Amino acid sequence: MDDQSKHTRFFTGSLIEIQRLQIDLDEQEIPSMIKNNFQSGMRSGFYGGSPSQVELFIFEEDKEKALPILESFKEQMGI
């Protein structure tokens with residue numbers, strides 16, 4: 001990764017799903033970032049987003065390595 005690395009949206013789901021997937025990615029040393037508009041809105045005092053629409057982002061260059069992890073996660077979760 002360098003200063004030119006870009007994030008790409010990898011998965012959208014509930015916070016619990018996102019946190020579980022993030023653990024699976026961490027185990028393979030794939031960094032990720034959560035974007036939760038609902039939680040951000042609540043902290044700011046206004047509504048923003050949906051609690052079931054939390055987004056998980058990864059670096060574009062990690063996508064190929066992360067896709068098998070996502071497929072396994074979806075199978076386990078019945079998604």
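I looked up the sheet and found three strands in the order β1-β3-β2, forming an open sheet with antiparallel pairing; strands here are DSSP E runs of at least two residues and helices H or I runs of at least four, numbered from the N terminus, and two strands pair if DSSP finds at least two bridges between them. The edge strands, each pairing on one side only, are β1 (7-13) and β2 (32-35). From one strand to the next the twist averages 30 degrees, where angles run from 0 to 180 degrees between N-to-C directions and axes are lines fitted to C-alpha atoms, for helices over the stretch in contact.

I note that this is a predicted model, in which local features need pLDDT of at least 70 and side-chain atom pairs count only at pLDDT 80 or more, while totals for chains, interfaces and linings use all residues. Residues are numbered from 1 along each chain as its sequence is written, and side-chain values use heavy atoms, with hydrogens and water left out.

Next I checked β2 and β3 (residues 54-59), which run antiparallel and are joined by four bridges; K35 stands opposite E55 in β3.

I then turned to the helices. Helix α1 (residues 15-27) packs on the sheet and touches β1, β2 and β3, its direction making about 130 degrees with that of β1; contact means heavy atoms within 4.5 Å. Helix α3 (residues 63-77) lies across β1 and β3 and runs at about 5 degrees to β1.

How far apart are the axes of α1 and α3? I found them 10 Å apart, with the helices packing at an angle of about 135 degrees. The contact is made by E17, R20, L21, D24 and L25 of α1 with A66, I69, L70, F73, Q76 and M77 of α3.

Last, I looked for aromatic pairs, meaning rings of Phe, Tyr and Trp (its six-membered ring) with centres within 6.5 Å, stacked with planes under 30 degrees apart, edge-to-face over 60 and tilted otherwise, and the count came to one. The rings of F11 and F73 have centres 5.6 Å apart and planes at 85 degrees, so the pair is edge-to-face. F11 is in strand β1 and F73 in helix α3, 62 residues apart.
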